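Here is a short briefing on a structure. Look at the sequence and the model first, then read the points by topic.

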Amino acid sequence: MPTVAPLDLDGHCVAATFVADVPHFALADGHVHRLDHGHKSEKVHDGLLAATTDLASSRLVTGGEDGKVCSTKADGTSETLAELGRKWITSVACGPQGAIAYASGRNAYVRFADGKVKEFVHPRSVEGIAFSPKGMRIGVARYNGATLHFPAADGKPTELEWAGAHTGITFSPDGNFLVTTMQENALHGWKLVDGKHMRMSGYPAKVKSMSWSAKGKWLASSGAPAAIVWPFQSKDGPMGKAPLELGTRGNMMVSAVACHSADDIAAIGYADGMVLAARFADQKEVLLRRPGKGAITSMAWDKEGRRVVFGSESGDCGVIDIAG
Amino acid sequence: MSEAQTQIPVTVLTGYLGSGKTTLLNRILSENHGKRYAVIVNEFGEIGIDNDLIVESDEEIYEMNNGCVCCTVRGDLIRVVEGLMRRPGRFDAIVVETTGLADPVPVAQTFFMDDDVRSKTKLDAVVALVDAKHLPLRLKDSREAEDQIAFADVVVLNKTDLVDDEELRSVEATIRAINPAAKIHRTERAGVALDQVLDRGAFDLSRALENDPHFLEAHDHDHDHDHECGPDCDHDHHHDHHHHDHGVSPIHDVTVQSVSLRGGEMDSKKFFPWIEKITQAEGPNILRLKGIIAFKDDPDRYVIQGVHMIIEGDHQRAWKDGENHDSRLVFIGRELDAEKLKRTFEACQAA
């Protein structure tokens, strides 16, 4: 039986994740909480807007309303990587070789491990930012499409056009596909080798959470009363194929998804705080957490795939041990 | 499910450069009114107040789907409001300041179109600041100045000390011609009482039109009511009101018109399909619509309001004893066919 170790915090949880195998919870008020032989917390920002871990899960990189980009380690030590004054840092991403990227207004920035910063100015707001898993490349979600930059080299960016407002962005783990969330209730994808479009629509609500399966064969997403899981096994991605619908509930929206670290299983978080795990192969479901106080906003699996951290918009967070 | 969250009211402040927006904002931020405001501005610029609830945001106009104006939103507001609302309890209300040239419609539509924004906030009122001296010039060189007035619930006619009585009367008549439903406050140095611009509930169906004598009595030609023009008001209401239902206003530079309709009790089976059809077909031309509808055999007043194609309606309250069961509807927009609207509206009346 799965067991839940609850952590009741005060405020909206922006990100729940593992840093060096320690459960971390980044809250909108700027505090980063962790469960490391007891509950500890540090105030990192005056208002936290975005958070993500680096590729090795060795540090948490956060952006705030205070215009700062910070890096926090599992021992609670924190360092300021960048400062933009009174501007909001709305999106952060971590890339290879210790590089990070962050966005504020119409600008995207890449900061290399040596502290050198490269700025990319766009005609419209940078809504989302992500690193490609291969090479030093970032993707920026923007109005009417996405822009790819190669921060280590000079040269023109690659523009991918699709009408509408693109808000979030992710590369497939093999680097072959780019997928954006949209202001409309849809995802849009590009096959990067030839720029072919993939329209993934039919959602009843905006998609706010996406997660690639461990081997990158599936992309799970929120925005419906089930986790919508698109097949990416073939070279043309999900085109012409129906997605899986996992954990379907009558009248409750999925608000967050997180794929397992090794197997084709997803943790599915709902607007009422419930968390299920569902296996892609046979769609078998296991209840991990009963409904709580607020919508699940963020989840992550540990490296071994045994524990799930979750956070909610009401602050009722926790760690689920699958094996109990 | 999370406990029901109260929706935070949002006031939208429009107006040209120099109309007094910054003065008014500074008052909202500094006066001792017991409320805390988060303010979303385009540039920190002249606001000389250091306050971490002032957020700078680039105006991002996002068209959705098909590029229709009715589906245009302010993308940056979605992001900023979402961020602010993750830390509720820090403020009681939000004020959005737009740039001088801004079209107020996408701002307003954001609060109806986006589910997340809509669930956490509610549009309170659109307030337009107007420079009494320069309005005639503005109306000549831009459509935005006109749109801002046409779209407003409250017009603050500022800098009245810079014009003489006649100019002031003429400017106010122009504003009335563009928007007969707005409240007008004459001010110097944006000195309007803050409770006249904040927490107005102009989009709240239970409050909308309740305290809106100009709208309700636009055609009564009975102007003993408590009007909104200020203690020094001496203009002739009869004169002003003659513009209302004459289609395009006689003022040369004004392209916005209003059509005021009035009828008796309506047949709901005819009215709803009609308003649906009108707003679908004419949505892009309709900036605002507001109305109080009396339905036959219905003891309650029905209020309706709209922005482009978005319409909302609800029962508001019971008709009072002795109250006339009249239906009134005002359209503010461009290229409206007044004759057709009147004819088709009247055809919805109950037999």
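Buried means under 20% relative accessible area, exposed over 50%, and partly exposed in between, with a 1.4 Å probe and protein chains only. Helices (H or I, at least four residues) and strands (E, at least two) are DSSP runs, numbered from the N terminus. Ten of the eleven residues of α2(B) are buried, so this helix is largely enclosed by the rest of the structure.

This is a predicted model: local features need pLDDT of at least 70, side-chain atom pairs count only at pLDDT 80 or more, and totals for chains, interfaces and linings use all residues. Residues are numbered from 1 along each chain as its sequence is written, chains are lettered from A and ligands numbered from 1 in the order in which they are written, and side-chain values use heavy atoms, with hydrogens and water left out.

**Chain B overall**

- Chain B has eleven helices and 14 strands.
- Of its 351 residues, 57% count as buried.
- Contact means heavy atoms within 4.5 Å. Among contacts in chain B between residues at least 6 apart in sequence, 73% join residues at least 24 apart.

**Helix α2 and its packing on α3**

- The buried residues of α2(B) include G75(B), D76(B), R79(B) and M85(B).
- Helix α2 (residues 75-85) of chain B packs on helix α3 (residues 104-113) of chain B at an angle of about 50°, and their axes are 9 Å apart. Axes are lines fitted to C-alpha atoms, for helices over the stretch in contact, and angles run from 0 to 180 degrees between N-to-C directions.
- That angle makes α2(B) oblique to α3(B). Angles under 35 degrees count as roughly parallel, over 145 as roughly antiparallel, 65 to 115 as roughly perpendicular and the rest as oblique.
- L77(B), I78(B) and V81(B) of α2(B) make the contact with V107(B), T110(B) and F111(B) of α3(B).
- Five residues of this contact are nonpolar, one is polar and none is charged. Ala, Val, Leu, Ile, Met, Phe, Trp, Tyr, Cys and Pro count as nonpolar, Asp, Glu, Lys and Arg as charged, and the others, Gly among them, as polar.

**Helix α3 against α6**

- The axes of α3(B) and helix α6 (residues 143-151) of chain B come within 9 Å and cross at roughly 40°.
- P104(B), V105(B) and A108(B) in α3(B) meet D147(B), Q148(B) and F151(B) in α6(B).
- This contact has four nonpolar residues, one polar and one charged.

**Nonpolar cores**

- A nonpolar core is a set of buried Ala, Val, Leu, Ile, Met, Phe, Trp, Tyr and Cys residues joined through side-chain atoms within 4.5 Å.
- The largest one has 60 residues, and L84(B), I94(B) and I175(B) have the most contacts inside it. Helix α2(B) gives the most to this core, with six residues.
- Apart from this core lies another of 22 residues, among them V95(B), L129(B), A190(B) and L194(B).
- Leaving aside neighbours within four places in sequence, I175(B) is in contact with V130(B), L135(B), I149(B), V155(B), L157(B) and I184(B).

**Positive phi in chain A**

- Most residues other than glycine have a negative phi.
- Phi of A20(A) is near 50°. A20(A) is found in the loop between β2 (13-19) and β3 (22-27) of chain A, and is partly exposed at 42% relative accessible area.
- Q97(A) has a positive phi of about 55°. Q97(A) lies in the loop between β10 (91-94) and β11 (100-104) of chain A, and is exposed at 65%.
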